[in-house]
2 protein chains.
Amino acid sequence: MSENTPVILTELVKLHPADLADQLQRLPLEEAIAILPEIPPPLAARALSELEHDRQREFLLSLPSQKLPPLLSELPPDLVADLVPELPPSVRRATLDAIPAEQRRRVQSLLRYAPDTAGGIMSDRFIALRADMTVDEVRKLLLSQGEDKQSQDVAYLYVTDEARRLMGIVSLRDLIFRRSDARMGDILNRDVKFLRVDDDQEKIAQQFQHYHYLGLPVLDKEGRLVGVVKASDALEVAQAEATEDMQLMVGLSGEERALTPWRTSIRRRLPWLYINLGTAFLAAFVVGLFESAIAKWTALAIFLPIIAGQGGNAGMQTLTVIVRDLALGEISPGDGRRALAKEMILALVNGIAVGVVVGLIGWWWKDSLTLGLVAFLAMILNQLSAAFAGVAIPFGLKAVRVDPALASSIFVTTVTDVAGFFFFLGLAVLAMRWFGM
Amino acid sequence: MSENTPVILTELVKLHPADLADQLQRLPLEEAIAILPEIPPPLAARALSELEHDRQREFLLSLPSQKLPPLLSELPPDLVADLVPELPPSVRRATLDAIPAEQRRRVQSLLRYAPDTAGGIMSDRFIALRADMTVDEVRKLLLSQGEDKQSQDVAYLYVTDEARRLMGIVSLRDLIFRRSDARMGDILNRDVKFLRVDDDQEKIAQQFQHYHYLGLPVLDKEGRLVGVVKASDALEVAQAEATEDMQLMVGLSGEERALTPWRTSIRRRLPWLYINLGTAFLAAFVVGLFESAIAKWTALAIFLPIIAGQGGNAGMQTLTVIVRDLALGEISPGDGRRALAKEMILALVNGIAVGVVVGLIGWWWKDSLTLGLVAFLAMILNQLSAAFAGVAIPFGLKAVRVDPALASSIFVTTVTDVAGFFFFLGLAVLAMRWFGM
């Protein structure tokens, strides 16, 4: 560590955990690891839980394993449950065994849920009240829990029955304004929106965006209240989901960042480049079928980039709209036909509008009306294929329960390339025969 | 209206405004317009404010202008301020004049802020307290405001000085647990994160994601408290921002939905297709420069789709990561050199890995070691151009204060096409001269 570390350190410990995490993210790994033990465990633990996954993993791999339990003990169970899967498998068991029993029980209970479901995202810290409690009793209960156990961010209190099933919610406002002897059962609001433990990220983001609540209760299959998701957690989920959609479309993992180490990026990107290569050879194969036509009429080769470029761009336009709307639930699988109809009309009009320009330029540039006509027709067919692929591929992936975004741009451009080249070169061959060229 | 409208209607009026908006979104426009007057104005107004922009505009255009003021009077000022810009200009003035004076004043005050800034997104409904007020006085104040004026979603109360500058926050918990005679000035928390009125959508989403608050106060240039943004509004903003990034990249408006009427879509997409066409002709022009080489060696034409496909996919991978990280503030303009260095190393390794396969296939397929070598080298140069364009274009757009996402996929694929074809065909011509082909 450099000489001025002490100076940095006194600044670092004053930071908000999220800001400290930013600093730890930017420092070289060795320096960050060296600094961590100097930071008070509660702050260090919070900052650790705010790091990005890649860096979190690096940290957890590099920390001496006996340092882990004291650090994790400082975190609430839901944040520990987020970190456990990132622990090196060799120390996972021992680390869990070394944290306090009650915390371990709660962490293990949360670990039963997949990380991208409401169960995996929720916190198990909430206040459950019985229906027969009075306002005064609840005030005393909250007071006894103390400031530190309960975050300032509690927006709602939950009333449950003897089987822990959710009956309704009571707001903090009620505790201020209702008579001290009013009972929860009489003042609760029964019209409560909620999540199920197995609701996925998309559903969670949708519910928050739709209803604008600050928090939503999470129920298990029996209707029992098991956790709470906050709006700010939903925001993080929505960002992660949007990033994943954008990245999956072009053959990225969904977890890549600009400064992810290049070795990690290689492992994630190269397989998709190879898949893309396979599909590119498919397009090349189609061009190869028409090699003798191109040998006779090399102007055809010049138009290949235009066919590929226009089909690719139009296909990406359609695909992007469909993937996003499917992800946010703004269209459902049943809307496929309507979406397709719209995109086909659009493609026809766009195809004519673009085709006329391409046709005229082709006619003028190569002084060949035939080339112009072939380019015009091919452009229309190309746009129609792009629209079809841009709708059919994400809806198809959704139907077989694969993320509609998954590498879909690679598949869509394959279709637009293959169909585009086939129509363009095929029409050219027909024209050459027709006019005896 | 069909006979069974009354049946539907009794169901519709029981819905949450957001769910009613969903229904109105799905009905044919004429039917939806016909139903609206039958719905109690408070619910109808809320639902109207939840509609998507395109549909909102259609509604506001179709409603008789005298129906607008009673409807808008039901909404809080921030929601009216969101709707006013969507009103037909001809009725905007008259509608504003016809709503109650106090509401009009607040709406006009909110309209001073651009819609995609904290000022445009915030609500002006918040509770500001003086530092010398006691807990008991504040409880009475809240009670006097009544349940209807104040949403259940208040999480924090704000303490301001005589110049309305923010001094700190007090939580509802404090009102329950602090002594009745405690003064706000003594119990407030001064370490408050806040937004500025001109902070943009990205900044707002970042702050919420970073600090996990349920709400953030908004200050004007003089530090005066002028509004509050809730976490759920930030979620909506983050979704809109992510959608915009995805859509702008491929030449969409950022506002398109799968079921946007096709006439609207045409107006938004066709201009970008024409721009893409211009760039495609640039690539075609490069191919045209080598027309005589292709005439001699038509196998070159077959490899064009592979060059374009691999460069395009690699460029999109880099671009997507960079655009997303710039948008979420995870990298800053100063990180450009580091990001570029990483992507260039990655491109070199990917280029060799992909180039070897392409080269071997080229050698085997066309039985030409020369073709294989040319393809191998061209693929490496192509990947390097893709990485350079994928970093330089979004950083460049950001530097000139344009959204880094804007049509960037069109620009990146132009570079990968033009550079890819130039390197591949240029190397082929050199090889042909060298080996006297």
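**Group meeting talk: a two-chain predicted model**

Let's start with helix 20 of chain A, residues 369-399. This helix has 31 residues and reaches 44 Å from its first C-alpha to its last, close to the 45 Å expected at 1.5 Å a residue. The expected span is 1.5 Å times one less than the number of residues. Helices here are DSSP runs of H or I with at least four residues, strands are runs of E with at least two, and both are numbered from the N terminus.

Some ground rules. This is a predicted model, where local features need pLDDT of at least 70, side-chain atom pairs count only at pLDDT 80 or more, and totals for chains, interfaces and linings use all residues. Residues are numbered from 1 along each chain as its sequence is written, while chains are lettered from A and ligands numbered from 1 in the order in which they are written.

Back to helix 20 of chain A. What follows it? Arg401(A) does, and its phi is positive, near 60°. Most residues other than glycine have a negative phi. Now look at chain B. Arg401(B) also has a positive phi, near 60°. Arg401(B) sits in the loop between helix 20 (369-399) and helix 21 (408-434) of chain B.

Another arginine with positive phi is Arg164(B), near 65°. Find it in the loop between strand 2 (156-160) and strand 3 (166-171) of chain B. Arg164(B) has 15 C-beta neighbours inside 10 Å, so it counts as partly exposed.

Next, helix 21 of chain A, residues 408-434. Its 27 residues should span 39 Å at 1.5 Å a residue, and its end C-alpha atoms are 38 Å apart, which agrees. Of those 27 residues, 19 are buried, so helix 21 of chain A is largely enclosed by the rest of the structure.

Now the whole chain. Chain A has 21 helices and 6 strands. Of its 437 residues, 49% count as buried. The C-alpha trace spans about 95 × 60 × 35 Å along its principal axes. A compact globule of 437 residues would have a radius of gyration near 22 Å, but chain A has 29 Å. That radius is taken over C-alpha atoms, and the globule rule is 2.2 Å times the number of residues to the power 0.38.

Chain A has three assigned domains: domain 1 (5-112), domain 2 (128-230) and domain 3 (262-434). The bounds come from an automatic or database domain assignment. Between the C-alpha centres of domain 1 and domain 3 of chain A there are 48 Å.

How do the two chains relate? A rotation of 180° with 0.0 Å of shift along its axis superposes chain A on chain B, with an RMSD of 0.0 Å. So the two copies are related as by a two-fold rotation axis. In chain A, the C-alpha nearest the axis belongs to Leu235(A), 2.5 Å from it. The superposition is by least squares on C-alpha atoms of residues with pLDDT of at least 70 in both copies.

Then the interface. 96 residues of chain A are in contact with 96 residues of chain B. Contact means C-beta atoms, placed from the backbone, within 7 Å. On the side of chain A that touches chain B, the largest share, 19 residues, comes from helix 18 (residues 299-327) of chain A. 100% of the interface residues of chain A are also interface residues in chain B, so the copies meet through the same surface.

Arg257(B) is buried, with 22 other C-beta atoms within 10 Å. Not counting residues up to four places away in sequence, Arg257(B) touches Val321(A), Asp325(A), Glu330(A) and Glu52(B).

Definitions and conventions
Two residues are in contact if their C-beta atoms, placed from the backbone, lie within 7 Å. A residue is buried if 20 or more other C-beta atoms lie within 10 Å of its own, exposed if 12 or fewer, and partly exposed in between; C-beta atoms are placed from the backbone.
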